[in-house]
Amino acid sequence: MNLINTKGACKHCGQIIILDIDEDAAFSQQEIDELASKRCDCEIAKIQRDIENSISDAIEDVDKMFPESENIRGYVKQACELVGREYVENITIKIDSRTKAQIKKTTKGKIRVERVVKNTESREH
């Protein structure tokens, strides 16, 4: 593998970042700029990295918390994206009559994924 220096521009601040990229890799300039943006030290790039990491961590937890089906996990993962990017404040997904998923952002800006199982016991005489 032979690495070459390639210039990319941060899409947030325009700073030029030098990247070492495999000369056999076929990256467009837009893809190179995206990689540069992920490595930039500007404030907006740092915020974007925090958002991406938070979403990634939440999605990782979804696989562990919702073993029912791939479809349910897919919906909950999409909800994590929407909440993480602040398109919506919170989402509740009713899985069945007893189980629901709640996705929301905490006051600290983290994504909270909850699996809520209602356990009701009642007796009638």
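Which residues does Gly84 touch, not counting residues up to four places away in sequence? Keep that one in mind while you look at the structure. One caution before the answer: this is a predicted model.

Now the answer. Gly84 touches Ile51, Ile55, Lys105 and Ile111, with residues up to four places away in sequence left out. Gly84 is found in helix α3. Is Gly84 buried or exposed? Gly84 is buried, with a relative accessible area of 3%. Here is a distance to go with that. From Gly84 to Asn53 you count 31 residues in sequence, and 9.8 Å in space, C-alpha to C-alpha.

Let's move to the helix pair. Helix α2 covers residues 43-65, and helix α3 covers residues 70-84. Their axes come within 9 Å. They cross at roughly 160°. That makes α2 roughly antiparallel to α3, because an angle over 145 degrees counts as roughly antiparallel. The crossing of α2 past α3 is right-handed.

Who makes the contact? On the α2 side you have Ile51, Ile55, Ala58, Ile59, Val62 and Asp63. On the α3 side you have Arg73, Val76, Lys77, Cys80, Glu81 and Gly84. So what kinds of residue are these? The contact of α2 with α3 has 7 nonpolar, 1 polar and 4 charged residues. Notice that Gly84 is back, on the α3 side of this contact.

Two residues here deserve a look. Val88 lies in the loop between α3 and β3. At 32% relative accessibility, Val88 counts as partly exposed. Val88 touches Leu82 and Val83, not counting residues up to four places away in sequence. Compare Val88 with Gly8. They are 80 residues apart in sequence, and their C-alpha atoms are 32 Å apart in space.

Glu86 is found in the loop between α3 and β3, where β3 is residues 90-94. Glu86 counts as exposed, at 59% relative accessibility. Look at its backbone too. Most residues other than glycine have a negative phi. What is phi of Glu86 near? Phi of Glu86 is near 60°, a positive value in a residue other than glycine.

On to the strands. Thr99 sits in strand β4, residues 99-105. Thr99 counts as buried, at 7% relative accessibility. Leave aside its neighbours within four places in sequence. Then Thr99 is in contact with Glu68, Ile93, Lys94, Arg115, Val116 and Val117.

Glu114 is in strand β5, residues 111-117. Glu114 counts as partly exposed, at 24% relative accessibility. Its contacts are Met65, Phe66, Lys100, Ala101, Gln102 and Lys104, not counting residues up to four places away in sequence. And the distance to Asp22? Glu114 and Asp22 are 92 residues apart along the chain, and their C-alpha atoms are separated by 42 Å.

Last topic: cysteines. A disulfide is a covalent bond between the sulfur atoms of two cysteines. How many disulfides does the structure hold? It holds 0. Take Cys10. Cys10 is in no disulfide, and the nearest cysteine sulfur, that of Cys40, is 3.8 Å away. Cys10 is buried, with a relative accessible area of 4%.

Now take Cys40. The cut-off for a disulfide is a pair of sulfur atoms within 2.5 Å. Cys40 is buried, with a relative accessible area of 0%.

Back to the start, then. Gly84 is buried. Gly84 touches Ile51 and Ile55, among others, and those two residues are part of α2 in its contact with α3. Find them in the structure, and you have found the helix pair.

Note on methods. Residues are numbered from 1 along each chain as its sequence is written. This is a predicted model: local features need pLDDT of at least 70, side-chain atom pairs count only at pLDDT 80 or more; totals for chains, interfaces and linings use all residues. Side-chain values use heavy atoms; hydrogens and water are left out. Axes are lines fitted to C-alpha atoms, for helices over the stretch in contact, and angles run from 0 to 180 degrees between N-to-C directions. Helices (H or I, at least four residues) and strands (E, at least two) are DSSP runs, numbered from the N terminus. Angles under 35 degrees count as roughly parallel, over 145 as roughly antiparallel, 65 to 115 as roughly perpendicular and the rest as oblique. A crossing is left-handed if the near helix is turned anticlockwise from the far one by less than a right angle, and right-handed if clockwise. Contact means heavy atoms within 4.5 Å. Ala, Val, Leu, Ile, Met, Phe, Trp, Tyr, Cys and Pro count as nonpolar, Asp, Glu, Lys and Arg as charged, and the others, Gly among them, as polar. Buried means under 20% relative accessible area, exposed over 50%, partly exposed in between (1.4 Å probe, protein chains only).
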